[in-house]
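Subject: Structure handover

Hi,

Here is the structure I promised to pass on. Please load it first; my notes follow below.

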Amino acid sequence: MNIINVPGATAYLDTDYEAKAKYAIEAIKTHDMVLIHIEAPDEASHEGSIHEKIRAIENIDKKIIGPVYDALKEYSEFRILVLPDHYTPIRTKTHTSEPVPFTIYGFDSSKKSNLSFTELNAEQTGLKVKKGYKLMNHFIEGDIL
Ligand SMILES: [Zn+2]
């Protein structure tokens, strides 16, 4: 694995979302897998700011996931997995360990929920990966698509 140093990436609320997407899209050309970690929603939660948390999630959606997804559509085969690494509830301002929601989409997806990506909707799918470390295997194998 290579660490890609993205100018403007701060691991904070002011991170450069567009730069992260740009560097990820470039990395996709030469790597089989690219992981983008965005710390801003976690930092907003530690600070107890629902406004900043919402803004961070909206920025991730608009400035990273959207452009990366559009770039992936240029490839005949791809998958995308979106998830938080843990919950950080605003009310407690600290990490918690309950299972997190995830969404996977790929060229070979056959199951489509047509649900928006929310904790409640994820729970309603009934799909759970009991051992979190196995999620990556499912993602790579495509056996839960
Ligand atoms: Zn944290």
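The buried residues of α3 are covered by elements that include α1 (17-28) and α2 (40-46). Keep in mind that this is a predicted model. The buried positions on α3 are K53, A56, I60, I64 and V68. Their spacing has a simple background. An α-helix has 3.6 residues a turn, so residues three or four places apart point the same way.

Next, the helix itself. α3 runs over residues 50-72, which is 23 residues. At 1.5 Å a residue it should span 33 Å, and its end C-alpha atoms are 31 Å apart, so the two values agree.

Now the core. Which residues form the largest nonpolar core? There are 10: Y17, A21, A24, I38, A40, A44, A56, I60, I64 and V68. α3 supplies the largest share, with four residues.

Two residues deserve a look in your viewer.

- A44 belongs to that core. Beyond its neighbours within four places in sequence, A44 contacts L13, S49, E52, K53 and A56.
- K53 sits in helix α3. Is K53 buried or exposed? K53 counts as buried because 22 other C-beta atoms lie within 10 Å, and the cut-off is 20 or more. Leaving out residues up to four places away in sequence, K53 touches P41, A44, S45 and I90. N5 is 48 residues from K53 along the chain, and their C-alpha atoms are separated by 24 Å.

Last, the whole chain. It has five helices and two strands. Along the sequence they follow the pattern α-α-α-β-β-α-α. The radius of gyration is 16 Å, close to the 15 Å that the globule rule gives for 145 residues, so the chain is as compact as a globular protein of that length. Taken along the principal axes, the C-alpha atoms fill a box of roughly 40 × 40 × 25 Å. Buried residues make up 12% of the 145 residues. Of the contacts with a separation of 6 or more, 50% join residues 24 or more positions apart.

That is the handover.

Best wishes

Definitions and conventions:
Residues numbered from 1 in each chain as written. Predicted model: local features only at pLDDT ≥ 70, side-chain atom pairs only at ≥ 80, totals over all residues. Expected span 1.5 Å × (residues − 1). Contact = placed C-beta atoms within 7 Å. Core = buried A, V, L, I, M, F, W, Y, C linked by C-beta atoms within 7 Å. Rg over C-alpha atoms; globule rule 2.2 N^0.38 Å.
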